[in-house]
Amino acid sequence: VQLQASGGGLVQAGGSLRLSCAASGRSFSSGVMGWFRQAPGKEREFAAAIRWSGGSTYYSASVKGRFTISRDYAKNTVYLQMNSLKPEDTAVYYCATSAPSNPPVSLWNVERHYGTWGQGTLVTVSS
């Protein structure tokens with residue numbers, strides 16, 4: 001399986017972007033799809049995740065209420081709609097999947113439960 005992230009770019013503070021993560025090589029019916037991000041000089045951190053089957057979601061406190069994660073079965077794609085962007089959202093955003101594993105929600109923010117990662121897409125928010 002391969003993940004291809006796209007949709008990054010430069011946006012002013014307060015603006016919006018939608019990231020996409022297209023999966024190829026298999027159709028997903030289980031597992032969790034997550035978005036992580038890594039700001040310059042910082043550790044990679046969890047942003048949001050969605051269970052492929054059922055659509056349960058989980059967000060970090062820093063993005064909750066501003067970001068929305070969703071999935072499209074037909075397109076085998078996960079999206080991250082980012083609104084009210086702030087300069088501190090500037091980072092490389094990575095999508096990842098835990099499939100075929102299906103961890104509990106308490107572990108969705110833990111990187112080691114995601115076995116396949118996309119290449120990352122850069123989001124830059126100017127002030």
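Before anything else, one term: two strands count as paired if DSSP finds at least two bridges between them. Keep that in mind, everyone, and bear in mind too that this is a predicted model.

Let's start with the sheet. Which strands form it, and in what order? There are 4 strands in an open sheet, running β1-β3-β8-β7, and the pairing is antiparallel. At the edges stand β1, residues 2-6, and β7, residues 67-72. Each of these has a single partner strand, so one side of each is left without a neighbour in the sheet. From one strand to the next, the twist averages 15 degrees.

Let me zoom in on one of those pairs. β1 pairs with strand β3, residues 17-24, in the antiparallel sense, over 5 bridges. If you'd like a spot to look at on screen, find A5, which stands opposite C21 in β3.

You'll find R37 in strand β4, residues 32-38. Is R37 buried or exposed? Its relative accessibility is 5%, and buried means under 20%, so R37 counts as buried.

So what does the R37 side chain meet there? Another, of 3.3 Å, joins the side chain of R37 to that of S62.

Definitions and conventions:
Residues are numbered from 1 along each chain as its sequence is written. This is a predicted model: local features need pLDDT of at least 70, side-chain atom pairs count only at pLDDT 80 or more; totals for chains, interfaces and linings use all residues. Side-chain values use heavy atoms; hydrogens and water are left out. Helices (H or I, at least four residues) and strands (E, at least two) are DSSP runs, numbered from the N terminus. Buried means under 20% relative accessible area, exposed over 50%, partly exposed in between (1.4 Å probe, protein chains only). A polar contact is a pair of N or O atoms within 3.5 Å; within protein, one must be able to donate a hydrogen and the other to accept it, and residues adjacent in sequence count only if both atoms are side-chain atoms. Axes are lines fitted to C-alpha atoms, for helices over the stretch in contact, and angles run from 0 to 180 degrees between N-to-C directions.
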